[in-house]
Amino acid sequence: MTAPLPAFAGRTYLFQVDNGAAFRNAYSADGKRLRWEGLGESAGQWEDVALHVAEVGPELYFVSWTEQSGITVSHVMDLGKLTVRAFWTYEGEGGRVGELHTGTLEQVA
């Protein structure tokens, strides 16, 4: 038995983060990959990444990935409320740094 496709599969969202960052997140038709593109100050940055996905409630998904730079990103996406709780980690001068953020989603495709 195959798992149902995640509700975000094949869709594209504008993700506005509480720190002012913005991304265009385009999910593959099978929901297993994401192409994120930075907007604003991050314009020109993008990557196609493999996703780890778990549905944790109705319209509620835990999604995570690791970028080539070593940044790890984890999202709890609430598609009913179009909100995201995001946690990412990266190497800082004093070791690994973690940041917790909130954001909003707007479906654009």
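Trainee: How many aromatic pairs does the structure hold?
Mentor: Five. Rings of Phe, Tyr and Trp (its six-membered ring) pair if their centres lie within 6.5 Å; planes under 30 degrees apart count as stacked, over 60 as edge-to-face and the rest as tilted. In one of the pairs, Phe8 and Tyr61, the ring centres are 5.2 Å apart and the planes stand at 85°, so this pair is edge-to-face. Keep in mind that this is a predicted model: local features need pLDDT of at least 70, side-chain atom pairs count only at pLDDT 80 or more, and totals for chains, interfaces and linings use all residues. Residues are numbered from 1 along each chain as its sequence is written, and side-chain values use heavy atoms, with hydrogens and water left out.

Trainee: Are Phe8 and Tyr61 buried or exposed?
Mentor: Both Phe8 and Tyr61 are buried, that is, under 20% relative accessible area with a 1.4 Å probe, protein chains only.

Trainee: Which residues do ring pairs link into a cluster?
Mentor: Phe8, Tyr13, Tyr27 and Tyr61.

Trainee: Changing topic: what is the nearest side chain of opposite charge to Glu67?
Mentor: Arg96, at 9.2 Å. Glu67 is buried and has no salt bridge, which would need a side-chain nitrogen of Lys or Arg within 4 Å of a carboxyl oxygen of Asp or Glu.

Trainee: And which residues does Glu67 touch, leaving out those up to four places away in sequence?
Mentor: Trp36, Glu47, Val49 and Val73, with contact meaning heavy atoms within 4.5 Å.

How values were computed
Buried means under 20% relative accessible area, exposed over 50%, partly exposed in between (1.4 Å probe, protein chains only). Lys and Arg count as positive and Asp and Glu as negative; His and the chain ends are not counted.
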